[in-house]
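Student: I have a chain open on my screen and would like to go through it with you. Could we begin with the overall layout and then turn to particular residues?

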Amino acid sequence: MTRDEVLSMPAGREMDGRIAEMVLGARVNRNEAGEPLDFWLRGFLRDLPHYSTEIAAAWHVVEASAGMVRVCRLWEEDADPRRFYWLSELRIAQSSSRTATAETPALAICRAALKATAEAAAYREALLAIA
């Protein structure tokens, strides 16, 4: 996923499926229309949580990324006087922090996690290319 795709992706089941695949490393089962249904993780079939719409599920993403995430900050920003939005920052061990804004805390966390994961994967690939 590109940075712009991540930042424009709305909350919903597609985002939840991408989180399970890209951030948690799960194998997601999809229906005939390609919509995510559930996922396999560590040998168990699990229901797909609503990562992008429920803060408890989104916080699980941060906890599950504990080996990669050094700092997670979340705050409400009012730089635009017409609306409030949430900003999430995930600081990755091998790179600088990745931030994302959204209308809800859960969506901000998911967007930042997708950005951070994609960039960490690119970092690993670059290291492998050098070796």
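Student: How many helices and strands does the chain have?

Tutor: The chain has four helices and six strands. Helices (H or I, at least four residues) and strands (E, at least two) are DSSP runs, numbered from the N terminus. In sequence order, the pattern is α-α-β-β-β-α-β-β-β-α. Please note that this is a predicted model, in which local features need pLDDT of at least 70, side-chain atom pairs count only at pLDDT 80 or more, and totals for chains, interfaces and linings use all residues. Residues are numbered from 1 along each chain as its sequence is written, and side-chain values use heavy atoms, with hydrogens and water left out.

Student: What share of the residues counts as buried?

Tutor: Of the 131 residues, 37% count as buried. Buried means under 20% relative accessible area, exposed over 50%, and partly exposed in between (1.4 Å probe, protein chains only).

Student: Let us take the strands. How do S1 and S2 pair?

Tutor: Strand S1 (residues 27-30) runs antiparallel to S2, with four bridges between them. Two strands pair if DSSP finds at least two bridges between them. Arginine 27 has tryptophan 40 of S2 as its bridge partner. The two strands form a hairpin with five residues between them, and glycine 34 in that turn has a positive phi of about 90 degrees.

Student: And which residue of S3 is the bridge partner of tryptophan 40?

Tutor: That partner is leucine 45. Strand S2 (residues 36-41) and strand S3 (residues 44-47) are also antiparallel, over four bridges. Another bridge joins aspartate 38 to aspartate 47 in S3. Here the hairpin has two residues between its strands, and arginine 42 in the turn has a positive phi of about 50 degrees.

Student: Changing topic: which residues line the largest pocket?

Tutor: The lining consists of Val23, Leu24, Phe39, Leu41, Arg42, Arg46, Asp47, Pro49, Tyr51, Ala57, His60 and Ala64. For the terms, on a 1 Å grid over the protein atoms alone, a cavity is a set of points where a 1.4 Å probe fits but cannot get out, whereas a pocket is an open set with protein on both sides within 12 Å along at least five of seven lines; lining residues have an atom within 4 Å of a point.

Student: Which elements supply that lining, and which gives the most?

Tutor: S2, S3 and helix H3 (55-64) each supply at least two residues. H3 gives the most, with three.

Student: What is its make-up by class?

Tutor: The lining has eight nonpolar, one polar and three charged residues. Ala, Val, Leu, Ile, Met, Phe, Trp, Tyr, Cys and Pro count as nonpolar, Asp, Glu, Lys and Arg as charged, and the others, Gly among them, as polar.

Student: Now serine 52. Is it buried or exposed?

Tutor: Serine 52 is buried, with a relative accessible area of 1%. Its place is in the loop between S3 and H3. Residues up to four places away in sequence aside, serine 52 touches Ala11, Gly12, Met15, Asp16, Thr104, Ala106, Leu107 and Cys110, where contact means heavy atoms within 4.5 Å.

Student: What does the side chain of serine 52 reach?

Tutor: The side chain of serine 52 reaches the backbone nitrogen of glycine 12 at 2.9 Å. A polar contact of 2.8 Å links the side chains of serine 52 and aspartate 16. A polar contact is a pair of N or O atoms within 3.5 Å; within protein, one must be able to donate a hydrogen and the other to accept it, and residues adjacent in sequence count only if both atoms are side-chain atoms.

Student: Where is aspartate 16 found?

Tutor: Aspartate 16 is found in helix H2 and is buried, with a relative accessible area of 1%. Its side chain also has a polar contact of 2.9 Å with the side chain of arginine 13. Beyond its neighbours within four places in sequence, aspartate 16 is in contact with Leu48, Pro49, His50, Tyr51 and Ser52.

Student: Which other residues of H2 are buried?

Tutor: Besides Asp16, the buried residues of H2 are Met15, Gly17, Ile19, Ala20 and Val23.

Student: What follows H2?

Tutor: Glycine 25 follows H2, and its phi is positive, near 75 degrees. Glycine 25 is exposed, with a relative accessible area of 57%. Not counting residues up to four places away in sequence, glycine 25 touches Ala20 and Leu41. The C-alpha atoms of glycine 25 and leucine 41 are separated by 7.6 Å, with the two residues 16 apart along the chain.
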